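Please examine the sequence and the model before reading on.

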Amino acid sequence: MSAACALVASGYRVHLIERRPYVGGRASSYEHPGTGEVVDNCQHVLLGCCTNLIAFYRQLGVTDKIRWFDRITFLEPGGKRSVLQPGFLPSPLHNAPSFLAASALSLADKIAISRGMLAFLSGVPADSKENFAHWLARHGQTQRAIDRFWNPVLVSALNEDLDRVSVHYAGMVFRKSFMQSAQAGQMGVPTIPLSELYGHALKFIESHGGQVSLRTRVEGLAYDASSVHRWKLQMEGGSIEADAVVLALSFEAMQKILPSLPAQTEDASEKLAQNLEHFEHSPITGIHLWFDRSVTDMEHAVLLDTTIQWMYNKSLLQPERRMGDTGSYLELVVSASKSLVNKSRQEIIDLALRELALFFPRVHEAKLVKAAVVKEVRATFSVTPGLDIYRPGPVTGWPQLFLAGDWTATGWPSTMEGAVRSGYLAAEALTNAAGRQQQFLQPDLPARGLMRLFP
Ligand SMILES: Cc1cc2nc3c(=O)[nH]c(=O)nc-3n(C[C@H](O)[C@H](O)[C@H](O)COP(=O)(O)OP(=O)(O)OC[C@H]3O[C@@H](n4cnc5c(N)ncnc54)[C@H](O)[C@@H]3O)c2cc1C
């Protein structure tokens, strides 16, 4: 969508083809069959440092559909709160006063964490074979610092266990969101369902003379150098011709379509197939609970020491989701949810209710009106140590065929920001090949305070 919008706004005739009846891909919403409610496939959040995603929202005119928060509350079972929020000190110390006041961590934990963060002050190491769990052990982190700080922050940001993430990406999360500036660390939450949010991209494309085909699966691609339009996309019941193609698929969908691409002398497809072999996915589970009453006044919170990791109070975050005057709707998120994949819906709901009551005792009195469990087994690709060398850029071995998708070489983990970046990079490559050399990629936020000394 970001590639399509950038190109259509630059005068290209764009045709966006999407297999599903709605847009958003892995960041979408739909009517859940069991409950009749519109649910996001999972709560999606962004950060202030997601400059390309924010620019994309600006282009679509939906920036007012994002609510920004500068405080994150960590809740212990029993309800004790530790709030992380910026204060009066210059970056990277802006969160320091609230961090030092956090009751969830002891002084020894805080000293260990500060020492760990200091290691990223002057930059993050390049992607290597070292995993972050190993790095934490090497940097003398206490068990509680890992359980209540490094783990909750990183598992939700990177959706993977710490022994399976690259030190580079773990460091990047902390440097970009915790250290760079208070603005970079703000958390943005959409106030409307995701497909409604991204539906604005369709309006944008069509209002600029482009075309959108939903419910249309591309089954193969053929190349004919002698034809006027060269590329032919084959779908059930027809085909579309194009001068250039951007394939913006997940890595799994890319693996499926790859054998249909025309053979290349330098065997571009074999190299790409080999690179794709190195990608692995990780699951996320969203647990949606509708109660007959309010069980908390908090809008969101990190839940410590339990399987459930985040609570989003959708009745407060998305006003349309309010359940009459008294009811409430919460979504609980479990990232890297391997332990839930084989559990039944009822087992997951029972576990979630049991754990939720530890933080919000009103759950005991509330009646659960309905519930939905959404298991996204192939939610994100894992930034496993050393993966970067296998992430391809937008230019391929085929003429006028470009790659996008969060898994390509964006420098970002599997996120909406990474996906939008990949779209802009593919659009730039396409305009370069057409001799127009346009730039769509947005600059990062500038460092603030003392961080200006550590570019
Ligand atoms: C449960 C969950 C929670 C997440 N939470 C966050 C979060 O909080 N913050 C964040 O930034 N990111 C989050 N992510 C990651 C984010 O959603 C993805 O990184 C991003 O949406 C990837 O976008 P993409 O365009 O690269 O790929 P996709 O979204 O997978 O888009 C690919 C599109 O191609 C379509 N397609 C596939 N095959 C074909 C075909 N043959 N023909 C036509 N169309 C086809 C698909 O239907 C899909 O719409 C989350 C992801 C999940 C699943």
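In this predicted model, there are zero disulfides. A disulfide is a covalent bond between the sulfur atoms of two cysteines. For such a pair to be counted, the two sulfur atoms must lie within 2.5 Å. The sulfur of Cys42 has its closest cysteine sulfur in Cys50, 16 Å away, and that is too far for a bond. Cys49 likewise takes part in no disulfide: the nearest cysteine sulfur, again that of Cys50, is 4.8 Å away.

How accessible are Cys42, Cys49, Val383 and His94? The table gives the relative accessible area of each residue and its class.

| Residue | Relative accessible area | Class |
|---|---|---|
| Cys42 | 7% | buried |
| Cys49 | 7% | buried |
| Val383 | 2% | buried |
| His94 | 3% | buried |

Val383 belongs to the loop that runs between strand E18 (368-381) and strand E19 (401-404). Apart from its neighbours within four places in sequence, Val383 makes contact with Leu158, Arg164, Val165, Ser166, Tyr169, Arg391 and Pro413. Its C-alpha atom is 29 Å from that of Lys314, a residue 69 residues apart from Val383 along the chain.

His94 lies in the loop between strand E7 (81-84) and helix H3 (96-101). When residues up to four places away in sequence are not counted, His94 touches Gln85, Pro86, Gly87, Leu89, Phe178, Met179, Ser181 and Ala182.

Terms used
Residues numbered from 1 in each chain as written. Predicted model: local features only at pLDDT ≥ 70, side-chain atom pairs only at ≥ 80, totals over all residues. Heavy atoms only, no water. Buried < 20%, exposed > 50% of the residue type's maximum accessible area, 1.4 Å probe, protein only. Helix = DSSP H or I, 4+ residues; strand = E, 2+ residues; numbered from the N terminus. Contact = heavy atoms within 4.5 Å.
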